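Me: I would like to learn how to read a protein model step by step. Could you guide me through this one?

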Amino acid sequence: LSLGAETLGFHPASGDRLGYLRLPTESEWEFAARGGLSVAPARFDEKHPYGPALSKHEWFSGPESSHNKIRQVGLLQPNELGLHDMLGNVAEMTMSLYAVEYYQGRTGGLVVRGGDSFTAKEDMRSSLRTEMPFYNRDYQPSRQETVGFRLVLVSQLFTGPEDVRAMKQEWPDYRQSRAV
């Protein structure tokens, strides 16, 4: 996939930062799956942001929903951010490496989030995560029909020395505001 800056809505001549596409991090994915800043904090912390209406928004295992089949994206209602099928249907790869706890250091394969059309309704949740190995037992790249991906559009954080100077100037106040 190759998209020019103009296609992505960035115009270098106007001083806009150049953007690019990548897989989301695990935390970016979960933030989007929970509804981001579009939901109240109490709802954001729930198992999934839909209350009892999960079957109106997401595909999961069984006759009430997917019948254990992958469905076309966008047939059900989107979440608060307008994103379809964040939970269920197909699990989604992230660019994060799997670790039991993020601070442990030892990592494995890719983190896959959200469950799929074979995930039971009672197991469906925004925090659902599994590990996908890079390679299968035949030493071939891992591939699963129930795993897909979603891309995010991002830009560089620091595009020049002026950004670095601004960060250095603001950093002490930011650290103080985050102190426990």
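Predicted model: local features only at pLDDT ≥ 70, side-chain atom pairs only at ≥ 80, totals over all residues.

Me: How do I read a sheet, and what is the order of the strands in the open sheet of 4 strands?

Reply: In general, strands of a sheet pair through backbone hydrogen bonds, either parallel or antiparallel. Here two strands are said to pair if DSSP finds at least two bridges between them. The open sheet has the order β4-β3-β2-β5, with mixed pairing, and its edge strands, β4 (129-132) and β5 (147-148), each pair on one side only. Strand β2 (residues 91-97) and strand β3 (residues 110-113) run antiparallel and are joined by 3 bridges, whereas 4 bridges join β3 to β4, which also run antiparallel.

Me: Which residues stand opposite L110 and V112 in β3?

Reply: L110 in β3 stands opposite L97, and V112 in β3 stands opposite M93. In β4, the bridge partner of L110 is M132.

Me: Which way do the residues of β3 point?

Reply: In a regular strand the side chains alternate between the two faces of the sheet. In β3, L110 and V112 point one way and V111 and R113 the other way, and all are buried; buried means under 20% relative accessible area, exposed over 50%, and partly exposed in between (1.4 Å probe, protein chains only). Buried residues make up 34% of the 180 residues in the protein.

Me: How many residues does the largest nonpolar core have?

Reply: A nonpolar core is a set of buried Ala, Val, Leu, Ile, Met, Phe, Trp, Tyr and Cys residues joined through side-chain atoms within 4.5 Å. The largest one has 9 residues, including W29, Y50, F60 and M124, and its largest share, 3 residues, comes from helix α1 (residues 26-33). Apart from this core lies another, of 6 residues, among them A91, M93, L110 and V147.

Me: What does F60 touch, and where does G88 lie?

Reply: Contact means heavy atoms within 4.5 Å. Not counting residues up to four places away in sequence, F60 touches L54, H67, D116 and M124, among others. G88 lies in the loop between α3 (54-57) and β2, and it counts as buried because its relative accessibility is 0%. Leaving aside neighbours within four places in sequence, the contacts of G88 include W59, G114 and M124. G88 and G114 are 26 residues apart in sequence and 5.8 Å apart in space, C-alpha to C-alpha.

Me: Is M167 buried, partly exposed or exposed?

Reply: M167, which lies in helix α4 (residues 161-178), counts as partly exposed because its relative accessibility is 35%.

Note on methods:
Residues numbered from 1 in each chain as written. Heavy atoms only, no water. Helix = DSSP H or I, 4+ residues; strand = E, 2+ residues; numbered from the N terminus.
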